[in-house]
Amino acid sequence: MEALISFLAAAIVAGTPLLFATIGEIITERSGNLNLGVEGMMLMGAVMGFMVGMMTGNAALALLAAMIAGAFGALIFAFLTITLRANQVVSGLTLTIFGTGFSNFIGQPLVGQIAPEGIRLFFRPYTIPVLGNIPVIGPILFRQDAFVYLGYAASILLGIYLYKTSKGLNLRAVGENPGSADAVGINVNLYKYVHTLLGGALCGLGGAYLSLVYVPAWQEGVTAGRGWIAVALVIFATWNPYKALFGAFLFGGLDIIGFRMQGLGINVSQYFIDMLPYLVTIVVLVVVSMKKSKENAPPKGLGNAYFREER
Amino acid sequence: MKNNYISMQNISKSFGKVVANKNINLTVHQGEIHALLGENGAGKSTLMSMLSGVYTPDGGSIFVKDKEVRFAAPKDAINAGIGMIYQHFKLIDVLTAKENIILGQKNGLFLNQRALTERIREMSARFGLDIDPDKKVYDMSVGEKQTLEILKVLHRGAEILILDEPTAVLTPQETEKLFKIMNRMKEEGCAVIFITHKMNEVMEVADRITVLRKGETVETVHKNSTNPKHLTELMMGCAVDLSIKRIETEKSKVAMEVKDLIAYNDEGVKVLKELSFSIYAGEILGVAGIAGGGQKELCEAIAGLQPVKQGEIIFEEENLVGKSPSEIIAKGVSMSFIPEDRLGMGLVASMDIVNNIVLKLYQRQKGFFINRKPAEQKSLEIVKRLDIQTPGINHPVRMLSGGNIQKVLLGRELDSKPQVLITAYPVRGLDINSCHTIYDILNEEKQKGVAVLYIGEDLDVLLELCDRIMVMCAGEITGIVDARNTTKEEIGLMMVGAVNSDIKEELS
């Protein structure tokens, strides 16, 4: 039991960077923009967050820097695809390559350095009164660090935003059918810009969690492909932030299960473990495609540029 | 008394080199239904797109209630009280009626579902509209979607309604209902602009009519001082004979027989329910029905594209079911299917005419490399025979106008000298002249003894052109009637599922 609880608590920690990136990509895709630059934006956020953290020792400033860096990456993407109407897939892939190079370049002098103590202390596990004392659930969910709680809050707020507010309704309309949204007076480009940038900021936070809390040190390619897992997770979660919460922690568990099993003396190839998240995504894709539910389908306008006067 | 709700003066708009609107003038009063009449490409939709803020005019001015306005976006037009109902509905499928209605409006931060439902019910009652606020759009019929569109613009406080070819997709009964709604809005003091190219509808519902031709205003007339013939002349710029010829041929042998055809679509829904009918050589068999009633699946089943679960399609004493499309083509069954977006199925948009011909021709050629010579020859023939307006046979078909694209497609299909020709919506979106060219071509084929299956939308055309009309509803044949002695109303009823007792006689 103890082992299981500690495994699940660790799964949440491992899932948190995925969670930020996933809800970031969900809100981006809900506006109809397929931004495959998640990995790049995470790395940009990771390196800028780490660097500002090293310079200032201030956690809030580090997170802010990570968000700005992620949003900056998203801004490149948004300008290319919304204003210039470039191909989204190509732009996204380019952003990933750019972000990787950018983080390696900026992070070169930081390689091997450990996050400052002030920040590590700031993000130490904190037991929430009452909730933290609930048996089983408490130790798993409510004895985590502040960053994890921020992830819970962000997902739930995003869910409320999408499904309960009029702005969220407008956003869903933009992603589904920008032409219709435009015809009822929604500013399509503004919605696309705002949510793509917000999505990028969330991806940046996901990266910062890796470099500042999870590792916590700078190393090249610190995201190790998690951006791609997040892209898969968006499909797994069927563009729903609540399901993303569950999915990210499940995938977090899959991420660390190899270590734990070795600890218990069970020998499974690490390569097989690495493959698991993608395998699960394929299974989910098969199931979702077979069910063909209209609610679980991707936003219909996903991947297409919108131009009002096109004939 | 007569307030000028809208006045558009000297409006011009061009797209690149194409002039869509040239110095157009239009005045619409309060409490009138104003029809905007013109052929395809006359500039009706462009003009209305400027009134609704989708396009910005290159020149001229727009006045709403005597105040000059400049619309930078649809939002500005909505705020000025203009509501546009587009031909292709601007609804979000996965949302409910209610959500579609409030979309893009200033609401509180959170949605107050109950108050909204109340308000929608109250509005529907006032205008005599019938809608379920919690129904998802993807579950709605075309008529319901249109009602929802109307409710949507009314909810935004629209006093000027623009309906872009609203009857194109409706059954006669639904059209009647729409006209009632339009009259109701007129009584409530709205101004209604009604875009159409159907003469009978104009005469039935409009108060005044503005005719456009080639991007220019021809004239604005009162309904009482005009007649369909006069309007047509204004529209075309010359006197034309609008009647469609029906060439009488001897009823001869059965060209193709369909027996108990059953098919399912990808979602496992039965789309063809035990269809049985024959089509004779030298006849045009019309197929009427609401979109999605199985017409598309029937065509595809005959062409070998739609898997058939059960039943037979007998052609020259052989069953076509289970044969591949190319085998079916080789036997002499040809299909020119014109989908909603014209280019989706049939032609490759970015290729030129020659290459599109090659697509069907190369299969009859031997060897690894393609010989383009015969295709070039054919292209020239087709261009000449069907009078296709193109800068050259090496011009991408995407750049041609809709009518010319359709002619290319039809020309290619006719080139294989079929014995059975299936045409689905061949005149969709074409102007009157092009329509008549197509009807003439079909009549010519009929005279040669080809069996033509004609899937159509316009009941008037079906009644005039076809020998017999088969009506389909939800994958079933609800009647096969002689086009010479049936009425639009009868067909309309069968389109919504009323079974005609004559079928049995016809089928036997």
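Which residue of strand 9 of chain B does L37(B) stand opposite? The points below take up this and other features of the model.

1. Basis. This is a predicted model, in which local features need pLDDT of at least 70, side-chain atom pairs count only at pLDDT 80 or more, and totals for chains, interfaces and linings use all residues. Residues are numbered from 1 along each chain as its sequence is written, chains are lettered from A and ligands numbered from 1 in the order in which they are written, and side-chain values use heavy atoms, with hydrogens and water left out.

2. The strand 3 and strand 9 pair. L37(B) stands opposite V211(B). Strand 3 (residues 33-37) and strand 9 (residues 208-213) of chain B run parallel and are joined by four bridges. Strands are DSSP runs of E with at least two residues, helices are runs of H or I with at least four, and both are numbered from the N terminus; two strands pair if DSSP finds at least two bridges between them.

3. In chain B, six strands form an open sheet of mixed pairing in the order 6-7-8-3-9-10. Its edges are strand 6 (82-85) and strand 10 (216-222) of chain B; each has a single partner strand, so one side of each lacks a neighbour in the sheet. From one strand to the next, the twist averages 20°.

4. Helices on the sheet. Helix 1 (residues 44-51) of chain B lies across strand 3, strand 6, strand 7 (160-164), strand 8 (191-196) and strand 9 of chain B, and runs at about 150° to strand 8 of chain B. Helix 5 (residues 142-155) of chain B lies across strand 6 and strand 7 of chain B, at about 165° to strand 6 of chain B. Axes are lines fitted to C-alpha atoms, for helices over the stretch in contact (heavy atoms within 4.5 Å); angles run from 0 to 180 degrees between N-to-C directions.

5. Nonpolar cores. A nonpolar core is a set of buried Ala, Val, Leu, Ile, Met, Phe, Trp, Tyr and Cys residues joined through side-chain atoms within 4.5 Å. Buried means under 20% relative accessible area, exposed over 50%, and partly exposed in between, with a 1.4 Å probe and protein chains only. The largest core has 85 residues, and those with the most contacts inside it are F147(A), Y152(A), I186(A), L212(A) and L103(B). Helix 10 (residues 188-214) of chain A supplies the largest share of this core, ten residues. Apart from it lies another core, of 46 residues, including A288(B), I388(B), L409(B) and C466(B). Leaving aside residues up to four places away in sequence, Y152(A) touches I12(A), L19(A), L141(A), F142(A), Q144(A), L245(A) and F249(A).

6. Aromatic pairs. Over all chains, a search of the whole structure finds twelve aromatic pairs. Rings of Phe, Tyr and Trp (its six-membered ring) pair if their centres lie within 6.5 Å; planes under 30 degrees apart count as stacked, over 60 as edge-to-face and the rest as tilted. F20(A) and F147(A) are edge-to-face, at 5.4 Å centre to centre with 75° between the planes. F20(A) belongs to helix 1 (residues 2-30) of chain A and F147(A) to helix 7 (residues 146-164) of chain A, so the pair ties together parts that are 127 residues apart in sequence. F20(A) is buried, with a relative accessible area of 1%, and F147(A) is buried, also at 1%. F98(A) and F102(A) form a tilted pair, 5.9 Å centre to centre and 40° between the planes. Both lie in helix 4 (residues 88-107) of chain A, four residues apart, about one turn of the helix. One aromatic cluster is formed by F20(A), F122(A), F123(A), F147(A) and Y209(A).

7. Backbone points to check. E274(B), in strand 12 (residues 270-280) of chain B, has a positive phi of about 50° although it is not a glycine. A474(B), in the loop between strand 19 (468-473) and strand 20 (476-482) of chain B, likewise has a positive phi of about 50° without being a glycine. E274(B) is partly exposed at 48% relative accessibility, and A474(B) is partly exposed at 45%.

8. An enclosed strand. Five of the five residues of strand 17 (residues 420-424) of chain B are buried, so this strand is largely enclosed by the rest of the structure. Strand 17 pairs with strand 18 (residues 451-455) of chain B in the parallel sense over five bridges, and A424(B) stands opposite I455(B) in strand 18.
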